[in-house]
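Good morning, colleagues. Please look at the sequence and the structure first.

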Amino acid sequence: MPQGIIENLIEQLSKLPGVGRKSAQRMAFFILNMKDEDARALAGAIGAVKTNARFCKACFNITDSDLCSICRDSLRDRKRICVVEEPSNIIVIERSGGFNGLYHVLMGALSPIDGITPDMLRIKELAQRVSGNGVDEVIIATNPNTKGEVTAKYVREALSPYDVAVTRIAYGLPLGGDIEFADEITMKKSLEGRRKLD
Ligand SMILES: [Zn+2]
């Protein structure tokens with residue numbers, strides 16, 4: 001039996017993380033009552049992200065062109081690179097307004113237990129960026145949990161041949177936590193309080 005259109009929408013929405021059947025139902029009826037252009041913009045944004053999203057060639061942020069909007073921005077401080085685990089972390093740091101440099105996404109964190117080894121992360125690419133063009137500081141903003149700490153240490157080692165200051169964001173961020181859930185003020189304070197890693 002063919003599914004009703006609203007039931008189908010509810011089913012699709014309930015596949016999203018943290019969305020149970022009830023919220024999916026509320027969302028579906030909300031969408032039904034949305035202005036036509038808003039609903040189409042939502043659908044279009046979902047389509048565009050699947051069609052056009054790729055990784056920035058320089059920093060591995062999500063973008064729809066070769067270089068992301070941050071790497072293309074001539075007003076950003078190119079002497080500072082903030083290293084994060086995931087592209088979603090960039091959004092949190094950007095919203096904090098505490099950083100005006102460039103980013104580098106590692107695409108995960110080291111975790112021998114899960115079989116995540118250094119060669120699977122974008123560490124070599126980071127070293128290449130640092131060796132090439134006058135970077136003064138690399139700020140390691142991996143998550144304040146065990147994997148994030150191990151990764152920070154490894155990255156610092158990998159950058160030791162280069163003449164660059166390697167700093168680590170301060171805590172204030174909940175220990176064992178995830179940058180993704182940090183609020184803007186905490187994130188900003190954490191960046192301001194960063195310390196040299198030695
Ligand atoms: Zn980029």
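Let me begin with a definition: two residues are in contact if their C-beta atoms, placed from the backbone, lie within 7 Å. On that basis, and leaving aside residues up to four places away in sequence, Leu 197 touches Ile 140, Ala 152, Arg 156, Val 166, Thr 167 and Arg 168.

Two remarks on the source. This is a predicted model, in which local features need pLDDT of at least 70 and side-chain atom pairs count only at pLDDT 80 or more, while totals for chains, interfaces and linings use all residues. Residues are numbered from 1 along each chain as its sequence is written.

Now the chain as a whole. Its secondary structure comes to eight helices and seven strands; helices (H or I, at least four residues) and strands (E, at least two) are DSSP runs, numbered from the N terminus. The C-alpha trace spans about 65 × 35 × 35 Å along its principal axes. Of the contacts with a separation of 6 or more, 58% are between residues 24 or more positions apart. Among the 198 residues, 26% count as buried. A residue is buried if 20 or more other C-beta atoms lie within 10 Å of its own, exposed if 12 or fewer, and partly exposed in between, with C-beta atoms placed from the backbone.

I turn to the interior. A nonpolar core here is a set of buried Ala, Val, Leu, Ile, Met, Phe, Trp, Tyr and Cys residues joined through C-beta atoms within 7 Å. The largest such core has 36 residues, and Cys 82, Val 83, Tyr 103, Val 138, Ile 140 and Ala 141 have the most contacts inside it. Two or more residues of this core are given by each of β3 (77–84), α5 (87–96), β4 (101–105), α6 (123–132), β5 (137–140), α7 (146–158) and α8 (184–192). Which element supplies the largest share of this core? That element is β3, with four residues.

Not counting residues up to four places away in sequence, Ile 140 touches Val 83, Ala 152, Val 155, Val 166, Thr 167, Arg 168 and Leu 197. This brings us back to Leu 197, which lies in the segment after β7 (195–196). Leu 197 counts as partly exposed because it has 17 C-beta neighbours inside 10 Å. Between Leu 197 and Ile 139 there are 58 residues of sequence separation, yet their C-alpha atoms are 9.4 Å apart.

Next, the helix pairs. Two packed helices are described by the angle between their axes and the distance between the axes. Axes are lines fitted to C-alpha atoms, for helices over the stretch in contact, and angles run from 0 to 180 degrees between N-to-C directions. Angles under 35 degrees count as roughly parallel, over 145 as roughly antiparallel, 65 to 115 as roughly perpendicular and the rest as oblique.

The axes of α1 (residues 5–13) and α2 (residues 21–33) come within 8 Å and cross at roughly 125°, so these two helices are oblique to each other. On the α1 side the contact is made by Ile 6, Leu 9, Ile 10 and Leu 13, and on the α2 side by Ala 24, Gln 25, Met 27, Ala 28, Ile 31 and Leu 32. By class, these residues are nine nonpolar, one polar and no charged. Here Ala, Val, Leu, Ile, Met, Phe, Trp, Tyr, Cys and Pro count as nonpolar, Asp, Glu, Lys and Arg as charged, and the others, Gly among them, as polar.

For α5 and α8, the angle is about 85° and the axes are 8 Å apart; the two are therefore roughly perpendicular to each other. Val 92, Ile 93, Arg 95 and Ser 96 of α5 meet Glu 184, Met 187, Lys 188 and Leu 191 of α8. This contact has four nonpolar, one polar and three charged residues.

Finally, some loop residues. Phe 60, in the loop between β1 (54–55) and β2 (62–63), has a positive phi of about 70° although it is not a glycine. Is Phe 60 buried or exposed? Phe 60 is buried, because 23 other C-beta atoms lie within 10 Å. Leu 75, in the loop between α4 (69–72) and β3, is exposed, with 5 other C-beta atoms within 10 Å.
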